[in-house]
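Good morning, colleagues. Please take a moment to look at the structure on the screen before I go through it.

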Amino acid sequence: MSLNGSGGGAGRAIFTFVVFIAGLASSFTAQAQAQAPAPASSLAPQTGAPQTGAAQPTPIIQGVLVRGNQRIEAGTVTSYLPLQPGMPADPELLDLSLKTLFNTGLFSDVSLEMQENGALMIDVKENPIVNRVIFDGNKKIKEDKITEEIQLAPRIIYTRSKVQADAQRIVELYRAKGRFAASVTPKVTPLAQNRIDVIFEIDEGPKTGVAKVNFVGNKVFTDIELGGVILTKESRWWRFFTSNDNYDPDRLEFERELLRKHYGRNGYADFSVLSAVAELTPDRKDFFITFTVDEGPKYTVGEVRVKTTLAKLDEDVLERFIPIRTGTTFDSEKIESSVESITFATGSTGYAFVDVNPRLSRHAETNTMDITFEVNEGPRVYVERINIKGNTRTLDKIIRREVRIAEGDPFNRVLVDRSKSRVRSLGFFKEVEIEEKPGSAPDRTELDITVQEQATGSFSIGIGVSSTDNFIVDLSVEERNLMGRGQLLRFRAQASSRTRQVNIQFTQPYFLGRNLAAGVSAFNQRTNFRESGFIRNRIGFGLNTGFQISEYGRGGLNYQFTNDDVTIDRRLSTTVPVGGDPLSVLIPGATPISVAVDGQGAQVVTATLCDFVIRSLDPTCQSRGQFVTSLIGASISFDTRNDPFRPTRGWRAVLSTRFAGVGGDVNYYQTEVSGAYYHRLIGKFVGVLKGRAGYIDGYGGDDVRLSDRFFEGASSFRGFEVAGVGPRFVTRFDSRRNRPDGQSIGAKAYAIGTVEILLPLPLPKEYGIRAALFSDFGTVGLVDESTKFINGDTSLFLDVPLLDADGVQVLDDMGNAIILTTLAPVQDALALRVSAGVSVSWDSPFGPVRFDFAKVLRKEIYDQTEGFRFSAGTSF
């Protein structure tokens, strides 16, 4: 008796056929014997003689032998068998043994045969070992990407099922890239010692694009508007930075959900996608994609109520947490946010397990929808275990400290979502997913937090231009996750036409294992304040700490020590009459740079501007010199924005204060506050309201030095030049620009607000172009009385001529300029300024680019304005 074949099914078929033939032959033999005449001596039955036609007994297996194995030990082969020596060679067990050996994947052929001596002989042919996996013809998908997706690899046992599955998986990869004509042909090259090379010959074929995206049944929103909602875009030559212009069948289901959310946000609760069909063009190069939709009626919100059976909960109080109001357009996203708000509110009252179920009641006759939130006690489920996966570099504790829920806590969906957001905001991971798994009991659950690490170190050299700095060269080396401990180490060197600086910084986000960030920095800066006429060289260091005060709030303390050297790098020359003392025009102790004699014998004295008596009262000169500043500061911030980079809702507020005088030469106190509020308006329009304010003043007999004052303008107050708004020391009238000109002397106070509307442009997101309408308004002013001292000298006053509509000076009958007004040298008006305009930014392939077009609507006569500003840069 023997079993063999190239597969379990084949072996069973042969075995069954052999048994059938044997049984049939036995039957014919029995019939023949019954019909033939028997000898007289054999008619009588013989005692102990076997009966004719009786079944043969099943042989007993005396031993098991293996033949044909090369790498695999005989004991390994026999360990898979359900048969052992001493057992009967039952046909069903033999068939099961044959299938078991094939299922191991170790053999390409197996046969079983009973020997005459009762031994079971197993003949095997081992599957080869893969020596190499070679990809031929792949250009659009890198080899390492394909290798990650297939089963076969060097030193893996080859099977036909594996190579077929791998070929199909490679085809799927190309289809996901929009190449539906791709084909893969696997080939095998035999080598010595039963090894093989597996070669996948790949024909990538042309890229299958999207010729047209059609929408059928839409009346409220146009095809262009709905095309901006979904990810798939029509193929165009300029979309070489994206893969959304090729057909991906897996993307269609997600786009159904995107359309449903879009309509749901705008009141169409009954919206549905009836079908999403992709049709291949006759030339098999592109697809036509058609979405058939049923928009349904638009609903407004009717009655909004909360019902609960829990004793400690007040329905009226819970209704205050619902951001939905009667009469407004129905918004499905607000339903979800209402559930989160109610869950948080009930949790604060001691109910960890609540089930918030929104019930929607439609009124077709009025197209209104009543919303009732039923709050009941939910099933008690606890977090049994939290597993961290995929963090090949970042330590577990770095991730766990951002998780808002702990093992043993009641399960809370809102806290799980918040944990995901916090882990993602670390910036260490490309992907973050949290999956729930059943625990050891029905009331237990496990959370698997799976992360995908991304590069956190960077080395960049940046080049840029701007209206402020002309050119910028930036060198930066940074590691945001030092040794996987979440520590920040940064070195930066920057040079521009006005600034040169070197800065090194280290931050430990969890100092001594506590939720307390600690950092240290050292810096050296040289800044040319051209608008104020001085140069500041600063060297110093800083210490800072930060700590969490609430889920959305954070506080901080800091100390800074700096040594400033302020110089006035400007020269002035004046003439001293013949026989006069050249030192008489200088302040006591000053030394002239040079003294020359002109052709008439007068002396020309050249010295630093502030050394002349006539200019020594210049507000800029009051701040020159070298001084040490030692200060402490504190800050507090709150941030509830839904996205730290492109928010559409939420708010952020920061309050900071600094106190200089803990040693050193400078005494002042300073307070600043800023805030921003984001709110979605109609459609994709987002409204933004921002505000900033600050105040600084000296104490102990000290005035505020020029370099410590506030300078506003350019990007901080659009429509005005750098330091173009606020107090100014005017010295002349600029006839070319038809405005008083002079130096900015900074302010002790400012308050600036901004109203913005972020515009949804009809352009693909991959362009990275954003635009906003804005209006900046506010005031900048206040200086110390000592700064205004020179206003008592009327000889320094400036006459401002009257100009006509074309900017030409108006003359009187005598040909003299008509004076509009006379300005004191130090101008300081805490008056309202207003500007408005358009801001456009572009995340270009060469770096960020920003354009600001602004029109000043209200200003003071001495303010310096500009209508256009741009900046651009790149890193490589």
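Which residues are buried in α7? This is a predicted model, and in it the buried residues of α7 are Arg-251, Leu-252, Glu-255, Leu-258, Leu-259, His-262, Tyr-263 and Gly-264. An α-helix has 3.6 residues a turn, so residues three or four places apart point the same way. Just after α7, Gly-267 has a positive phi of about 100 degrees.

Let me now turn to the protein overall. It has 876 residues, 39% of which count as buried. Its secondary structure consists of 11 helices and 40 strands. Among contacts with a separation of 6 or more, 59% are between residues 24 or more positions apart. The accessible surface is about 46700 Å², and carbon and sulfur atoms contribute 54% of that.

The largest nonpolar core contains 28 residues, and Phe-534, Tyr-668, Ile-745 and Val-780 have the most contacts inside it. Strands β27 (625-639) and β33 (749-759) each provide at least two residues of this core. Another core, of 21 residues, lies apart from it and includes Leu-98, Phe-102, Leu-106 and Leu-112.

I come now to the salt bridges, of which the structure holds 37. One of them joins Glu-479 to Arg-393, with the closest N and O atoms 3.6 Å apart. Glu-479 belongs to strand β18 and Arg-393 to the loop between β14 and α10, so this pair ties together parts 86 residues apart in sequence. Is Glu-479 buried or exposed? Glu-479 counts as buried, because its relative accessibility is 17%, under the 20% cut-off. Arg-393, at 37%, is partly exposed.

A further salt bridge links Arg-538 and Asp-564, at 2.7 Å from N to O. Arg-538 lies in strand β22 and Asp-564 in strand β23, so the pair connects parts that are 26 residues apart in sequence. Arg-538 is buried, with a relative accessible area of 14%, and Asp-564 is buried as well, at 0%.

Finally, consider Gln-505, in strand β20. Beyond its neighbours within four places in sequence, Gln-505 is in contact with Leu-488, Leu-489, Arg-490, Val-520 and Ser-521. Its C-alpha atom is 9.6 Å from that of Phe-541, 36 residues away along the chain. Thank you for your attention.

Conventions
Residues are numbered from 1 along each chain as its sequence is written. This is a predicted model: local features need pLDDT of at least 70, side-chain atom pairs count only at pLDDT 80 or more; totals for chains, interfaces and linings use all residues. Side-chain values use heavy atoms; hydrogens and water are left out. A nonpolar core is a set of buried Ala, Val, Leu, Ile, Met, Phe, Trp, Tyr and Cys residues joined through side-chain atoms within 4.5 Å. Buried means under 20% relative accessible area, exposed over 50%, partly exposed in between (1.4 Å probe, protein chains only). Helices (H or I, at least four residues) and strands (E, at least two) are DSSP runs, numbered from the N terminus. Contact means heavy atoms within 4.5 Å. Accessible areas come from the Shrake-Rupley method with a 1.4 Å probe; for residues, only the protein chains shown count as cover. A salt bridge is a side-chain nitrogen of Lys or Arg within 4 Å of a carboxyl oxygen of Asp or Glu.
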